[in-house]
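Dear colleague,

Please read them alongside the sequence.

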Amino acid sequence: MGLNVSDLTIARGGIKVLEGIGLRLEPGQALVLRGPNGVGKTTLLRTIAGLQPPHSGQVEADPETLVYAGHADGLKPTLTVEENLTFWARVFCTPDIDPAIDAFQLDALRTRPAGALSAGQKRRLGLARLLVTGRPIWILDEPTVSLDVEAVQMFADTIRSHLGQGGSALIATHIDLGLPDAQILDVGPFRARAMDPEDFDEAFL
Ligand SMILES: Nc1ncnc2c1ncn2[C@@H]1O[C@H](COP(=O)(O)OP(=O)(O)OP(=O)(O)O)[C@@H](O)[C@H]1O
């Protein structure tokens with residue numbers, strides 16, 4: 001139960017951004033995506049997560065095994081921390097939200113509406129949601145944005161524990177998470193070449 005990406009070309013607004021991407025993620029493995037701003041990491045993760053179609057190439061994974069956490073945290077602002085996690089627990093048939101509350105030290109914030117959390121607290125709640133899904137393959141776009149040093153540590157511990165339980169993670173991040181066995185993929189060399197005129201016409205249809 002892994003993820004296999006082969007010869008993948010991805011596009012944004014009809015324009016190819018990365019081409020010829022191949023990667024493989026087995027249970028227990030982490031893969032860190034690197035590359036400069038705007039190179040296409042978000043587009044790649046969204047494509048792999050099935051949120052947008054590939055330009056060409058294959059993404060092989062059981063969609064039921066994937067969960068994506070991106071810039072928009074997917075939280076309901078009027079629901080409390082506890083209600084948000086309970087909502088997701090019902091969606092994913094997870095019996096207990098407490099491990100997620102504990103992992104991201106959200107106990108003192110249980111009854112606070114998500115809309116009244118700080119940016120870092122919201123991010124912690126968004127990451128706690130991953131645990132509640134019970135899904136094994138985490139696809140994470142800049143998961144540590146807004147997190148303080150302590151919360152980055154909580155996140156790194158959570159990732160290590162997830163990998164230890166046979167989960168896996170594909171992470172776009174600019175920081176060192178202290179995952180010694182993580183593979184690194186620099187997507188810079190996969191930047192798409194200038195388009196041929198046929199593609200160019202298509203981009204504006
Ligand atoms: N809505 C859009 N329509 C067209 N092009 C877009 C759109 N959003 C982003 N782009 C462009 O697509 C390219 C890839 O963007 P993407 O967000 O995937 O990059 P990234 O590597 O994740 O960047 P960062 O490290 O800054 O988050 C960029 O050149 C960006 O300007």
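From the N terminus on, the elements of the protein chain follow the order β-β-β-α-β-β-α-α-α-β-α-β-β-α, which comes to six helices and eight strands, where helices (H or I, at least four residues) and strands (E, at least two) are DSSP runs numbered from the N terminus. The radius of gyration, taken over C-alpha atoms, is 18 Å, close to the 17 Å that the globule rule (2.2 Å times the number of residues to the power 0.38) gives for 205 residues, so the chain is as compact as a globular protein of that length.

This is a predicted model, in which local features need pLDDT of at least 70 and side-chain atom pairs count only at pLDDT 80 or more, while totals for chains, interfaces and linings use all residues. Residues are numbered from 1 along each chain as its sequence is written.

Buried residues (20 or more other C-beta atoms within 10 Å of their own, with C-beta atoms placed from the backbone) make up 34% of the 205 residues.

Helix α4 (residues 119–133) is mostly covered, with 11 of its 15 residues buried, among them R123, R124 and R129. At 1.5 Å times one less than its number of residues, α4 should span 21 Å, and its end C-alpha atoms are 22 Å apart, which agrees. Just after α4, G134 takes a positive phi of about 70 degrees.

Best regards

Notes. Buried ≥ 20, exposed ≤ 12 C-beta atoms within 10 Å, placed from the backbone.
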